[in-house]
Amino acid sequence: MIQARIRKRFPARPDAAAFSLEVEFQAAAGVTVLFGPSGSGKTLTLDSIAGFVAPDEGRIMLDDEILFDAPSEVCLPPQARHCGYVFQNYALFPHMTLRQNLAFAAERRPRLERHRRVNEMLERFHLTEVAGRRPHELSGGQKQRCSIARALIGSPKLLLLDEPARGLDAQLRAEFYAVLRQVQTEFQIPSLLVTHDLDECFELGDEMLILREGRLVQSGSPRAIAERPANVEVARLLGIFNLFQAEIVELDPQRNLSRLRFGEFELAGNYFPGRLRGDRVWLSVRPEQLGVSARDGKPGPNQVPAQLLRTIEKPQTVRLEFAGDIGVELSRPEFDKHKQNKEWLVWFPQDALRVL
Amino acid sequence: MQIDWFPLWLSLKVASLATLLSLGVGLWLAYLLANRRFRGKAVLDAAVVLPLVLPPTVLGYYLLVLLGRESPLGHLYEWVVGSPLVFTWQAAVVAAMFHAIPLLVISARAALESVDRSYERAARNLGASEWRVFWRVSLPLARRSILAVSVLAFARTLGDFGITIMIAGNIPGRTQTIAVAIYDAVESGNGALARTLVIVVSVLAIAILSIANRLAARQAAQ
């Protein structure tokens with residue numbers, strides 16, 4: 001269990017604007033994803049926990065050990081923190097073989113045990129055959145496994161991963177996800193994974209922390225966050241929502257009903273607790289929750305005529321982009337049914353509408 | 001013509017020894033300047049470069065005062081070694097070091113600073129002490145640049161004249177290095193000897209330069 005409260009300020013400099021990081025969170029065994037755009041403080045958070053950066057204020061505890069505590073001026077050096085760290089570029093020592101890289105990390109153990117432990121890790125991560133090679137002679141996947149093995153060889157109590165899958169192709173990504181899942185079952189330690197890839201959050205994350213400009217804006221399971229983003233900023237960061245400005249014109253708690261004015265149209269939605277008539281809100285709806293139909297005659301309830309701008313083919317779905325920034329994602333068979341449409345209606349199902 | 005090769009051998013010996021000693025001092029200073037924050041760092045930084053800008057005779061004069069038989073340091077040396085330092089070939093080594101150290105510190109510091117920080121962080125994260133981080137990671141990764149500048153420093157120390165003549169003097173067969181011997185030969189009208197020594201030094205310098213360039217190129221290719 002890692003518990004962290006970190007505050008770190010960087011004053012403005014000629015080449016950089018002022019930045020401050022203020023986060024507080026805890027993470028138990030399992031993968032906790034730190035998600036956010038670049039410059040949101042994700043890596044800085046990892047570096048504070050690893051001890052490469054000293055926060056100005058706060059406290060960091062790993063299990064029952066204090067790694068950092070500002071009031072009592074405790075700040076353990078990186079050497080004493082028992083955190084495995086997988087660097088973005090892996091940081092495998094280029095002048096050492098893979099075996100030497102692992103041995104370097106196990107050097108505090110007695111000689112015989114070290115040897116055994118290195119062999120064990122080589123075997124576990126399928127690296128025995130290439131143990132004598134240097135990093136530049138390894139494939140991307142081997143380098144990645146080696147860096148994870150090296151981070152784990154000292155039996156850390158926490159694993160920190162800084163965008164380890166960045167720039168990898170789909171196959172290597174899948175390989176990496178499998179390795180990380182294996183690590184989770186075998187080592188059962190908390191992992192903090194920095195990423196700005198949403199698929200990765202869903203693929204790996206048990207918990208998710210969303211950072212923006214040095215602040216924690218939402219936390220929870222990836223599914224819960226995707227279903228209920230806390231505010232429009234989170235929805236934007238996730239990038240999986242249509243967001244429209246709308247106005248609440250009617251609220252009826254008795255019939256669990258609301259009416260929203262969206263441009264020149266009115267949409268019926270469920271009752272939104274805590275909102276008032278006349279509120280300007282962000283209407284958020286996921287592209288795959290919208291439907292389409294051919295326009296013949298008058299639009300029905302919650303149907304909006306829209307002009308199709310273009311279609312984007314994806315591996316499993318087709319994305320339709322309409323004027324007014326309306327994105328709709330359809331399955332292939334569904335799209336094939338509507339291919340011949342000349343004029344379109346977009347259907348906003350009542351249950352899919354959320355306001356932020 | 002009978003040529004006395006003693007000055008050449010002496011110069012090679014002095015330069016080798018000075019380069020080795022300077023490497024020790026220079027790497028230590030480079031490490032401090034590259035990695036540590038401490039009071040007086042700016043002063044040390046400036047002091048290291050000073051020998052590059054001061055006239056060699058001025059440096060020589062300071063050293064003569066500092067290491068002379070009457071000075072505390074001179075006394076200490078005499079007490080430890082049993083003979084005075086000034087006007088011996090060992091003094092020529094000291095003189096040569098003042099050329100090698102600034103060069104080594106500036107380049108070794110740049111080389112150490114150019115080592116990707118993530119390697120050093122990784123090493124610390126894996127439990128390595130600062131000492132091991134330096135010897136096992138930083139230094140090996142910067143070794144070619146440091147080797148290249150050591151070769152250059154060797155060449156530079158081979159040719160010192162000003163400081164050497166101030167504190168080691170010009171005693172043929174004892175402290176006369178090749179640079180001093182050339183001056184001596186010209187001064188005494190021995191043109192043939194001067195020409196021969198000049199050619200030898202030039203060839204040596206060009207050879208050393210090509211080695212240094214090759215080393216630097218290999219580091220760049222890494």
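Biologist: What should I know about the model before we start?

Modeller: The model is predicted: local features need pLDDT of at least 70, side-chain atom pairs count only at pLDDT 80 or more, and totals for chains, interfaces and linings use all residues. Residues are numbered from 1 along each chain as its sequence is written, while chains are lettered from A and ligands numbered from 1 in the order in which they are written.

Biologist: How many helices and strands does chain A have?

Modeller: Chain A has nine helices and 22 strands; helices (H or I, at least four residues) and strands (E, at least two) are DSSP runs, numbered from the N terminus. Along the principal axes, the C-alpha atoms of chain A fill a box of roughly 80 × 50 × 45 Å.

Biologist: What share of chain A counts as buried?

Modeller: Of its 356 residues, 36% count as buried. A residue is buried if 20 or more other C-beta atoms lie within 10 Å of its own, exposed if 12 or fewer, and partly exposed in between, with C-beta atoms placed from the backbone.

Biologist: How is chain A divided into domains?

Modeller: Chain A has domain 1 (2-236) and domain 2 (241-355); the bounds come from an automatic or database domain assignment. The C-alpha centres of domain 1 and domain 2 of chain A lie 40 Å apart. Their contact takes four residues from domain 1 of chain A and four residues from domain 2 of chain A, where two residues are in contact if their C-beta atoms, placed from the backbone, lie within 7 Å.

Biologist: Which classes of residue does domain 1 bring to that contact?

Modeller: The side of domain 1 of chain A that touches domain 2 of chain A has three nonpolar, no polar and one charged residues. Here Ala, Val, Leu, Ile, Met, Phe, Trp, Tyr, Cys and Pro count as nonpolar, Asp, Glu, Lys and Arg as charged, and the others, Gly among them, as polar.

Biologist: Turning to chain B, how many of its residues are in contact with chain A?

Modeller: On the chain B side there are 14 residues, in contact with 16 residues of chain A. Helices α6 (117-125) and α7 (130-158) of chain B each supply at least two residues of the side that touches chain A. The most comes from α6(B), with six residues. By class, this side of chain B has seven nonpolar, four polar and three charged residues.

Biologist: Which residues of chain B does A:A91 touch?

Modeller: A:A91 touches B:S118, B:Y119 and B:A122. A:A91 is found in the loop between β7 and α2 (98-105) of chain A, and is buried, with 25 other C-beta atoms within 10 Å. A:A91 and A:K143 are 52 residues apart in sequence, yet 9.4 Å apart in space, C-alpha to C-alpha.

Biologist: And the largest nonpolar core, which residues touch the most other members?

Modeller: Those are A:L160 and B:I167, in a core of 148 residues. A nonpolar core is a set of buried Ala, Val, Leu, Ile, Met, Phe, Trp, Tyr and Cys residues joined through C-beta atoms within 7 Å. Helix α5 (residues 89-113) of chain B gives the most to this core, with 16 residues. The core also draws at least three residues from each of domain 1 (2-236) and domain 2 (241-355) of chain A. The residues that A:L160 touches include A:L46, A:I49 and A:L192.

Biologist: What is the strand order in the sheet of five strands?

Modeller: The order in this open sheet is β14-β13-β12-β15-β22 (chain A), with antiparallel pairing; two strands pair if DSSP finds at least two bridges between them. Its edge strands are β14 (265-269) and β22 (354-355) of chain A. Strands β12 (residues 242-252) and β13 (residues 257-262) of chain A pair over five bridges, and A:L251 stands opposite A:S258 in β13(A).

Biologist: Which residues have a positive phi without being glycine?

Modeller: Among them are A:H82, with phi near 55 degrees, and A:S155, with about 50 degrees. Most residues other than glycine have a negative phi. A:H82 is in the loop between β6 (74-75) and β7 (83-86) of chain A and is partly exposed, with 18 other C-beta atoms within 10 Å. A:S155 is in the loop between α4 (140-152) and β8 (158-162) of chain A; A:S155 counts as exposed because there are 12 C-beta neighbours inside 10 Å.

Note on methods. Lists of a residue's contacts leave out its neighbours within four places in sequence.
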